[in-house]
Amino acid sequence: MEIEKIELLLLEMPYVHFFETSFGREEKKTFILIRVFSRDLCGYGEVTAELLPLYNYETTSTSWVMIKEIFAPLIFSKSLSDPFKFYKAAAGYKGHHMARAGLELALWDLKGKKERRSLKDLYGGDKKEVLSGVSIGIQDKVSDLLQRIENFLGQGYPRIKLKIKPGWDIQILKKVRKEFPDTVLQVDANCAYSSEDIENLPKLDDFDLALIEQPFPALDLLSHSRLKQRIKTPVCLDESAFSLDAVQQAYEMESFDIINIKVGRVGGIAEAQKIHDFCEAKNIPVWCGGMLESGIGRAHNIHLATLPNFKLTNDISASRRYFAQDLIEPPVDITKQGRIKVPEGPGIGVTPIEKRIKKAAQKKEVFTSE
Ligand code: OSB
Ligand code: MG
């Protein structure tokens, strides 16, 4: 099976509600959709890099250039179509994990469609449903936050993640806990604290949190270790866990209790599986993080989260939590029990709607082997 054409589309989709983290507010999603074509089949992948280098150093522009100049030519020059072979061939290049992951995901979808097997099946997943949680950004007022929490609980989400930063943490959590004494809550700082906060952060133990995600900068494993010694709340890594090597080093340094796996951040499914297997062997539970993906990226996340060691609630929510109209049919929905059914069809198992993709497209470029 030869890849005949690779297509990049820059899409823009407004969020139903702005999303604010410690690094800023976004009103719309700008991202790259990748399509790989072979005969009458098309595989879909999504690049999780954002417009600005705030979550990590990648951007939609850097990913576009890396795919155009490095990763797409690699596929054509070596006639690659197997996602694992692509992963191996690209391994010599440094960084740009989200760019390569988007392409690898498209190859996985294509492989699933060709073999008429779901991605869950190809990955060796064992779940018919995955646990669905919701991540709530920083709001203008605490009352807005309380209202949003109530609304999401009403929709059936069994776990709420709150974004925190210095100045939007202890005081906010006091009010949230008072209003919602029994809700499963966790917090995510997106690297907003520094080593000077190590003595203060253990105050978070008062709020019975399921975990604290990435309080310190990605490369500051030392502060994570120091905090872990002083805090009862489990420490979870997101930005720091960008490869198997990074996870292994963090493990040796006792920097974490839990890992959030994001396929973009780690550079694809093959690397995500390695991290999953390492954590499983060490008895460390994982969960699937999200980057406010469109339904295409989210369908990929759902299949990844079917692997056995995804034991904790994932940042995978229903389509309507993100967009008025998602790119796929059927849209992602949650059950009354707060779960998401894993699509059973070939590949991602959901249907991207061409009209909606066209409508959201700002830019397009096509690469072929000649
Ligand atoms: O740190 O988990 C994060 C979104 C954008 C960038 C970083 C993060 C997030 C989320 C969104 O928390 C989770 C989701 O996709 O629902
Ligand atoms: Mg995070």
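Residues are called buried under 20% relative accessible area, exposed over 50% and partly exposed in between, using a 1.4 Å probe and protein chains only. The structure is a predicted model, in which local features need pLDDT of at least 70 and side-chain atom pairs count only at pLDDT 80 or more, while totals for chains, interfaces and linings use all residues. Residues are numbered from 1 along each chain as its sequence is written, and side-chain values use heavy atoms, with hydrogens and water left out.

Side chains of opposite charge can pair when their charged atoms come close. With a salt bridge taken as a side-chain nitrogen of Lys or Arg within 4 Å of a carboxyl oxygen of Asp or Glu, the model holds 25 salt bridges. One of them joins arginine 25 to aspartate 140, at 2.6 Å from N to O. Because arginine 25 sits in strand β2 (residues 24–38) and aspartate 140 in the loop between β5 (134–136) and α5 (142–155), this pair ties together parts 115 residues apart in sequence; helices (H or I, at least four residues) and strands (E, at least two) are DSSP runs, numbered from the N terminus. Arginine 25 is partly exposed at 34%, whereas aspartate 140 is exposed at 53%.

A further bridge pairs arginine 320 with aspartate 333 at 3.2 Å, N to O. Here arginine 320 belongs to helix α12 (residues 319–322) and aspartate 333 to the loop between β12 (328–329) and β13 (339–341), 13 residues apart. Arginine 320 is partly exposed at 45%, and aspartate 333 is partly exposed at 44%. Elsewhere, salt bridges with shared partners connect Arg159, Lys161, Lys163, Asp188, Glu213 and Asp315 in one network.

Note on methods
Chains are lettered from A and ligands numbered from 1 in the order in which they are written.
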